[in-house]
Amino acid sequence: MDHRRIARTSRTIALIGVGGVTCLVLVPVAFNAATGGSAPRVLGPYATWLWPSLVLLGALTAALAAWEPLSARLVQRRPAHPANRVAALDRVERFVRRGIDGSLGAQVRIKLGVVPRVGPRLSARIRAPLVVVGETGCGKTTLMLELADRLLERARADPSTPVPVVVELGTWRPERDFGEWLLHTLHQRYRIGVRLGRTWLRERRLTVLFDGLDDLPAAHRADCLRWITALKLPQVVLCCSTDDYERLPRYDVVHVEPLRRTDVLDLIAGCEPRLDGLHEALTKHPDLWDEVRTPLAFDLLALAYRAGRAEYRGVLDTYLVESAARGPGRAERTIRALRFLARIARRRDDLAARHRLPHRRVWLDFVGEPAVWRLFRRAGPGALAGLVAGTCFALALDLGSAAAVVAAVAAGGLGQGRFAVTTEDRRRGLRWAATGFAAGAATGAALSTMGGWLGAQAARWPAFVTFGLVLVTTFLITLGITRDRYWAVAAALAPTAVMIWTGPSAALLTGLGAGLLAGTAAGVLATGLAAIWRTLDRPPPRALHWLPLAGLPGIALAIALGAPPAPHVAPITGLLIGLAVAPVARSPEPVVELLAKPLALDEFPLRRKAFIQSARDRVLLVDGNRFPHAAVRDHLAECDPVDLAGTVERRRRALSPTGSAPRLEHRQRRVDQVQRQRHATRDQHVRPRAGHAVRRVPHPRPQRERRRHHGDDGQHELHQHPPVLHQPPLRAQRQHHPGHQRAQPQRQHHEVGQQHHRPVELPLADRGERQVPQRHPQPPDGRDDVQQHPRLACDRLHATGICPLRARHHVRPTAASRTTPVDVVMRAGHVVAPGGRVHPFRRTHVHPVGRKDPATPANPCDIRGPDRLSQGARTATLR
């Protein structure tokens, strides 16, 4: 850690400590003392130092807080200060590393472990303007970022070396001075001040690497090159894919060659077998070789084919379809959101996919006509009608129904609210209208009630104060409407006459407060909708003539609740003065932006951060929430979402023929859980008799049906051999064989014995595991005690107390234990194969070795898993 970072950390700690003491201790104590209280007794004789210490520590806190910005500004005023160079190098390095680590090639390296090598490597010794030429997607930007990284290393090692900066030309326009635009870009991206940047450009301390000349219109490229030549920079790097660079007076050119077939085959072989599908597609379609000429095309196809075979539809469409088909959500909604983000990014000349909507002028012309219809013909008028209804309801309860009728009639003077929008189906959008009406009614009732309460509180003031408040309010509202002072003075005489006639009345101020808030809300909503409408370049809106009728439901409801008529002049006068503010009220810009956001719901979902994260998981976006390349961004911006979404849905059906894979997986888990519960209930009644066991003889494997069933209904026979206990399979799905009934297994199990044995794992003694006391003597002929005494196996099982349904031990066979007469050891729905691997099984047949039976199948363990047990006896021991 250098001394500058140590000093910054120390100042931060001091600021936290001093500011905490000042704000949390001294300020409350001083406020208590200033309001008549006393200082805490703990201060004692130091109470007189309260105010001097507060002033001193307050000044110290302000100085520590202002140290960083003031020192940075002072340092920027000194271009030769070394801190400016170090800070600029740090910011440029962060930008370069973010561009390299967040590129599409880095994502391919993470997913597959290989990435095409872009070459040749650019030289760090730049004597003339260096031009990097190549087709789109060949890796020009990658080469330029790698060159900037090497130049940064040289600049850190040698203070006399210029500072490299990367600048994108796509945001420049001819009507703007190129030098000022360049200084503004340096300040915005690297926080290099305008004065500092101008000094460094004049003293030639900058190496500028220009990218994105192709993003400019063709008519503007010549002017841009003339400006670059006029700067007379000693070291300049320019990336382009056309021959416009020939307008430069002097330059060196580096051509980036496309990928060769051998390069592509080496890359595919480097990550086998994950790209076998791509190799097959290249073999089947030789024309595809012409598409895989650039690292961009290979990266996109590698991401598309990394999960298996894909249907080739072109490089960009294959990448988009395969990536979107393997993700959740509706395909059309996903494609629409990506197209919306791509259009915004293209308009702003960058690759960023932002979850926050920019200014409405950037994206409003991307929304469809149905969204405009819902907002301006359903939600907007519904909100205005609800606002009138809620205001009339609150006024009728507070001031009487006569005042509510006056407010409803005054709503007809709202000059904006009807917008000319056409649609094919006028019945759509009723839910939006209902939502807008409910929100408007709640807002109108709340604001009217709050305004009446504020007016009632103002009525407690002295009479001359309330008189002057009414006169000033009337004068200002009339002046805002007429723009004439004489009419404003004349209008102020009306409430004066009323107040002289009725005297100072609290009802007038109550009506004034309710009218002010309700009229302001109506004016803000109407002007906000009108501002959005003007942004869409539509004809001017007109008045809603039916709006006074919207107050009738509120008045009727208030009368039903017992609202009095109360036809008094004072509250009506105050209400009219307050409602007159509606034509004057103007919607602020944040409110207009908030009202415009519902228009983007058809294109961009509400859970925007979650959607962008999902797109990053499917590599539709790369690190930094950016599109992988300008070609991908432009293709998404111009695509047809309905057509592309249909292709994605067909691809999903091809990947999951029976429907949605997550839904099927959830359904399968539920079926397995129910079947396991049924088997657990059934096995509680199974009591095999000592010396007998149930052996299942599987039927010949039936033909595969559409739904795969589990073979759990085999025939049952009884044999006189040592007891081998039944273990229900994990995936308990029934397989219905011809002539077999469902209740047969349970009936035959009940016919077997009375003694119940739980299935457990058999710990063998030949590896030195836990020994079990023997109830039977060792036979003299040397045979295995388990083979000689069948009951000994059961005794050992009960003595150990190990239940495979709870055990977590792994089982591994050994050569020393292969004489044990147990074919396999089952544990919790699994079978242990040779080598200690545990696999789920479906049908098992366990019998002791040495007992030959003609009905025994050739394979004693029918295991359908990755490996199959070989024929013959297998042994297993606990580890």
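Select R347 to begin: its relative accessible area is 39%, so R347 is partly exposed, a class lying between buried (under 20% relative accessible area) and exposed (over 50%), with a 1.4 Å probe and protein chains only. R347 belongs to helix α13 (residues 331–347), whereas D365 sits in the loop between α14 (360–363) and α15 (369–398), so the pair ties together parts that are 18 residues apart in sequence. Helices here are DSSP runs of H or I with at least four residues, numbered from the N terminus. D365 is also partly exposed, because its relative accessible area is 48%.

The model on screen is predicted, so local features need pLDDT of at least 70 and side-chain atom pairs count only at pLDDT 80 or more, while totals for chains, interfaces and linings use all residues. Residues are numbered from 1 along each chain as its sequence is written, and side-chain values use heavy atoms, with hydrogens and water left out.

Next, select R360 and E589, which form a salt bridge whose closest N and O atoms are 2.4 Å apart. R360 lies in helix α14 and E589 in helix α23 (residues 589–596), so this pair ties together parts that are 229 residues apart in sequence. R360 is buried, with a relative accessible area of 5%, whereas E589, at 38%, is partly exposed.

Move on to E311, R313, E322, R326 and R651, which are linked in a network of salt bridges. Within this group, the side chains of R326 and E322 meet at 2.5 Å, N to O; E322 is buried at 2% relative accessible area, and R326 is partly exposed at 34%. The structure as a whole holds 32 salt bridges.

Around L599, display W363, L364, V367, A371, V372, L375 and I532, all of which L599 touches when residues up to four places away in sequence are not counted; contact means heavy atoms within 4.5 Å.

Then select T61 in helix α2 (residues 50–76), which counts as buried at 16% relative accessibility. Leaving out residues up to four places away in sequence, T61 touches L15, V18, G19 and T22.

Finish at the surface with W461, F464, V465 and L469, a nonpolar patch with about 410 Å² of accessible area together. Patch residues have over 30% relative accessible area and no salt bridge, with like charges joined within 9 Å and nonpolar side chains (Val, Leu, Ile, Met, Phe, Trp, Tyr) within 5 Å; the areas come from the Shrake-Rupley method with a 1.4 Å probe, and for residues only the protein chains shown count as cover. V465 lies in helix α18 (residues 463–482) and counts as partly exposed at 30% relative accessibility.

Definitions and conventions:
Salt bridge = Lys/Arg side-chain N within 4 Å of Asp/Glu carboxyl O. Helix = DSSP H or I, 4+ residues; strand = E, 2+ residues; numbered from the N terminus.
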